[in-house]
Amino acid sequence: MNNQKIILRADQILRTNPKNLSAINSIHQNSIFAINLRSMSKINQKILSLIMGTIIFFCMMTFTQKALAQDDVFTPLPGEGKKCKIGEDYYFEYSFDKTPQLGTVILKIQVFDRDGNKETSLKIAGDAGMPTMRGHHDTGMVEFQKNQKGDYLLPVNIVMPGEWDIRIIFSKDDKPIYKGSINFSV
Ligand SMILES: [Cu+2]
C-alpha cells in the first residue's frame, strides 16, 4: 500500500465504523513500517547516524556537566559548635560572634587534628551570598585570616534580610579537601 491508499483506507474504516480504532491502528503501524523501509536509502542512513551521533554527544556533555557539578557540592554544616569531620584526619567547629544580623558578623572556625590538637596548616576560604540572588552580593572566595590562637576568622557583611549562605572550602597543600556550606536567614 502506498501512503495515499493507506489514508483512503483509514478514512473508509472511520466512515463505516468510527469506533474501529484497532483496525486504524494496524493500518497505521503498517504504514510506518512501509515508510521506514522506503526511506532507509543510504543517504538517509548517513543522516540517521549523524543524528544518533549528535544525540550521544549531547548525552555525554550532560553527563560530564553533572560530574563537574557534583564536584562542586557543598555539604550543609550541622550547626554552630558541632563537630564536623574532614575525613579521618581533621575535624572542625564553627561559630559566629553574634547571631547573624544586618551588619558585619565574624565567622570563626577552629580546626583540630584527630587527637584534638589545634590544626593551623589548612587554608580556608569562604564565599558569602544569597542563594536566591546569586551574583548580587557574593563576595567571591575570600581567605579566612588566622588569629594568634590559631582560629580562622572571616568577616561577613550582611547587607539585606533574607536567606544567606557561606560556602567554605578547606584546603591542604593547596588541594581542596572539604567543601561545606552554612545556611542561615536574617
Ligand atoms: Cu539580596
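Colleague: Before I read anything off the structure, what numbering and which pLDDT limits apply?

Modeller: Residues are counted from 1 along each chain as its sequence is written. The model is predicted, so local features need pLDDT of at least 70 and side-chain atom pairs count only at pLDDT 80 or more, whereas totals for chains, interfaces and linings use all residues.

Colleague: In which order do the 5 strands of the open sheet lie?

Modeller: Strands of a sheet pair through backbone hydrogen bonds, either parallel or antiparallel. Here a strand is a DSSP run of E with at least two residues, numbered from the N terminus, and two strands pair if DSSP finds at least two bridges between them. The order is β1-β10-β9-β5-β6, with mixed pairing, and the edge strands β1 (75–76) and β6 each pair on one side only.

Colleague: How many bridges join β5 to β6, and which residue stands opposite Ala 125?

Modeller: Strand β5 (residues 123–129) pairs with β6 in the antiparallel sense over 2 bridges, and Glu 143 in β6 stands opposite Ala 125. Although 18 residues separate Glu 143 from Ala 125 in sequence, their C-alpha atoms are 4.1 Å apart.

Terms used: Helices (H or I, at least four residues) and strands (E, at least two) are DSSP runs, numbered from the N terminus.
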